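Please keep the viewer open as you read, and look up each place as it comes up.

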Amino acid sequence: MERLPTSPGEPPGTAQPPPAPAGDRTDPAQPPSTIPGDGPDPVGPVPGRPLPTATAVISEQGVVTGWSEGARRLLGYAPAEIMGRPAARLLAHGTAPIAPPGTPWPVDLGGTLTLRHRDGHDLALPLNATRRTTTSGITEWLVTSTVTADEGSATPAPQEPAPGPAGLPDAGAPAVEAAGSVAGEAPDREAPADGPAPGPPAVDAPAAAARAPEHPAGEPPPDAAASHSGPRAGAPHPGTDAPGTPYADAPGPAPHPGAGAGAGGKPLPGPITDDALAAWAFAQSPCMLAVFDTDLRLLRVNAAMERALSLPEARIRGLRLMEIVPDPVSEETERVMGLALRTGRPQHTPTALRPSGNSSEAGRPATVTPLTDDGGVRAVCLAAHARTEEPEHHLTRQRMLLEDPGAGIGTTLDLEHTAQELTDAAVPRLADTAAVELCETPRHSRPTGPLPLRRTAYRSHPPGTAPAAGPEPVTHPAHSPLTRCLTTGRSAVYRMDDPSLAQWRATDPEAARLDEAGTHTLMAVPMLTGGSTLGVALFTRNRNPQPFTPDDLQLAEQLTHRAATGIHNARRFTRERTTTMTLQRSLLPHTLPDQPALDIATRYLPAGTEAGVGGDWFDVIPLSGARVALVVGDVVGHGIRASATMGRLRTAVRTLADVDLPPDELLTRLDDLVLHLSTDESSAAADTTTGIGTTCLYAIYDPISRDLTHARAGHPPPAAATPDGDVYFLDTPAGPPLGLGGLPFETTTTTLDEGTLLAFYTNGLLNPREADIDQTLDTLFTALARPSSGLETTCDRILTTLLTHPPTDDIALLVARTKTLHPQHVATWTLPHDPAIVIEARHRTTEQLATWELGDATFITELIVSELVTNAIRYGKPPIQLRLIHTDTTLTTEVTDYSSTSPHLRHAHTYDENGRGLYLIAQLTQRWGTRHTPTSKTIWTEQTLM
């Protein structure tokens, strides 16, 4: 049952109608309950199904703060009409609403009270009132009645109210007349004048055989013979107020069959029937037994359960457990009972039942068993057991706490989450509060004095506001239990009245807070692992009156050790992940280079799993002739070794790209490098990531010809989207992953339209959890084809569309849009193989630079052209080609001839007549180099334009 929210102290008219209790909720925002009978009620009564419980919540000031749908049906008042108003207005005329001030009120009241219906007639209703404290510390009264709207409308009020305290006293009692007396006393069994008291739905004879007796367990009834033949005709059934109840055919109780004798020790004559045995077993069992129907409303309890609840069955029959004992433990027990109903299998819970109003007592362990027949589950039986501290019980509790999957500790590699898991596992099953305080850094030797500790996790029962933890760590005094625990390295149990804690209690604010909460016992357990001191765990009890025992300390040590191991692993993982991320980001490009061929945007996403950062990378490398190289790769494995291998391979790719190798040859050289790395490191460490299995895609784009030359080694092919919206994969020949050796790679060339969108990525982008690969590729194509304001938006759209969960592998994404260098920015001449042509080449260069308005670069460019053309005529083979390329920031000069000889820069001696040309070119330009084709070579230089 969901507890009604309250707003004590609000002026009348300001309270908002709260949601109805479970079973009455109609809020569509709430998910439907899976427990039968716990969902929204249909309009009108349903045969065979009980109507909602009439429930109200009354503050200590006597104001109605909660009003259920069942209460509206019973008394006719809508929530807006009654909430925020005095509860005394519900009393019928002549009912005394106030008791003498200062009257001590118990935590539980019950009896018959006369209330006024909205249409004016009086109703005499049996009511239960339970005093409770909310999680926010507000005291209030929960008032319930199992009389349905139909029954209530037909029940006239008695002429005079029953005697006893009633109404709405100043001391805080609710507007309920306690005609029956306080909890635990015998209730009034007389039947109302006009019909039977409300009872459970009709059940068959076998179910009725389990009816609880009215006399104390173990005592014979006045007429022993009647116990074998059932109650006399017309007699009230035990525990009910009228004849003819659904349980009228059940046999009455008899002496315990194990005793073998009646009163005075003499055996009783006559046979013992199976029904009688079943009734005796239920009534006299030392276990606390309760039977609930499929709506989780109470049908039966035995005498042991009545004693445990301090409530007679007649007052609670038809109520849910949360209405009998409003407590978080009851709410959890209802969840377990619902699970037994749905699955048809017995369920166990370590804290199932707590007496009404005794929130300081630990819940009793219990078993919930579904009661079935051929038609399925008909009811559930809650069997609670007395809580003891015997060794066998402690071992059972220890095993349940340590093996409970819901109390898992160290399930993640998050430090704060692991600390919180420890407090969640300990509260409320071991302690009422638990806190974890950690050192700023692990201490590898035992501390000799106080250490600054930072509170990392806290939990209390019932849940409340955690003590304020400042941003700075706190140093506890040397005489505090926490510091003693750290300096000695041993766990200890302390009573708060221990003289050794007197100085700590007088000086430490933490001790004052514990005293204020009523703490009577505490345990301090050091968090030790691997020779390091990580911090201390503190467990306290204030609501549970039992002090901690040595068995409790042993259990706390086991839980704390498990948490310390998890925190140590989390710290190590965090440290390694931070180091790996730092290395990874230092090896990836920090900024993209300026180049005229492509508009580019990139993204890198590390894996969101405990495996750590992988070895994915991307790169953009400017080449000669205004071309640009694009690289995307993926190293097998995760962690710092994978990042280091990635750094090696990225450096190797840049070096080979500077030599201007074609894609297939570059991948062949890279394959050789991976083989060498694996050979060198195979004997060093078996788990070293050597790069075998690395995938790589390498492509070169030329903005003058619009050609993309590409090859791949085990990598997914790039995707292309044309300006018209067509999306397709480039037909890149598949090659083997790097490190296999001896297998060739193949290059292909694709001519692209200006404005074509290219997507290079690693396979982490195509590893969906829930969708198949075809659906993922369709999603990628759709994201590429959709127009966007820029490439950054396209990258974000691709990631947000494809990633519905944190990625399980690293993702590198590079998106590029092609540009074209138009003919007016390129000048090309074919020159004859004649030394006299050098003058003509200089003249044409001067004219072209004047056309481009680059007069400041004329002198140096003429010198470069003269030197390169002269060398081509002297050392090369015809034909000779001269080409000038002008971009916004660069002037490129290229001379091509059909020989394979390459020039070499050297230092000329004093009297050498040659060897100074390339030296001058190297000094006057920003870059120069040579690139080869299968039939020719090109010498090129680049000058930066100011």
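1. A residue counts as buried when its relative accessible area is under 20%, and as exposed when it is over 50%. Please keep in mind throughout that this is a predicted model.

2. Let us begin with Arg650, which you will find in helix α17, residues 640-658. Is Arg650 buried or exposed? Its relative accessibility is 14%, so Arg650 counts as buried. Setting aside neighbours within four places in sequence, Arg650 contacts Leu587, Leu588 and Pro589, together with Trp617, Phe618 and Asp619.

3. Next, please look at the loop between α17 and α18 (663-681), where Asp660 sits. Asp660 is not a glycine, yet its phi is positive, at about 65°. Most residues other than glycine have a negative phi, and most peptide bonds are trans. With a relative accessible area of 10%, Asp660 is buried.

4. Glu853 also deserves a look, in the loop that runs between α21 (837-851) and α22. Here too the residue is not a glycine and phi is positive, about 60° for Glu853.

5. Now for two peptide bonds. Val427 and Pro428 are joined by a cis peptide bond, with omega about 5°. Pro428 belongs to the loop between α12 (415-426) and β12 (433-443). A cis bond also leads from Pro878 to Pro879, this one with omega near -5°. For Pro879, look in the loop between α22 (858-875) and β29 (880-886).

6. Finally, how do helices α19 and α20 pack? Helix α19 covers residues 773-785 and helix α20 covers residues 791-802; the angle between them is about 155°, and their axes are 9 Å apart. Angles over 145 degrees count as roughly antiparallel, and α19 and α20 are therefore roughly antiparallel to each other. The crossing of α19 past α20 is right-handed.

7. Which residues make the contact between these two helices? On the α19 side they are Thr776, Thr779, Leu780, Ala783 and Leu784, and on the α20 side Thr794, Arg797, Ile798, Thr801 and Leu802. Sorted by class, the contact of α19 with α20 has five nonpolar residues, four polar ones and one charged.

How values were computed:
Residues are numbered from 1 along each chain as its sequence is written. This is a predicted model: local features need pLDDT of at least 70, side-chain atom pairs count only at pLDDT 80 or more; totals for chains, interfaces and linings use all residues. Side-chain values use heavy atoms; hydrogens and water are left out. Axes are lines fitted to C-alpha atoms, for helices over the stretch in contact, and angles run from 0 to 180 degrees between N-to-C directions. Helices (H or I, at least four residues) and strands (E, at least two) are DSSP runs, numbered from the N terminus. Angles under 35 degrees count as roughly parallel, over 145 as roughly antiparallel, 65 to 115 as roughly perpendicular and the rest as oblique. A crossing is left-handed if the near helix is turned anticlockwise from the far one by less than a right angle, and right-handed if clockwise. Contact means heavy atoms within 4.5 Å. Ala, Val, Leu, Ile, Met, Phe, Trp, Tyr, Cys and Pro count as nonpolar, Asp, Glu, Lys and Arg as charged, and the others, Gly among them, as polar. Buried means under 20% relative accessible area, exposed over 50%, partly exposed in between (1.4 Å probe, protein chains only).
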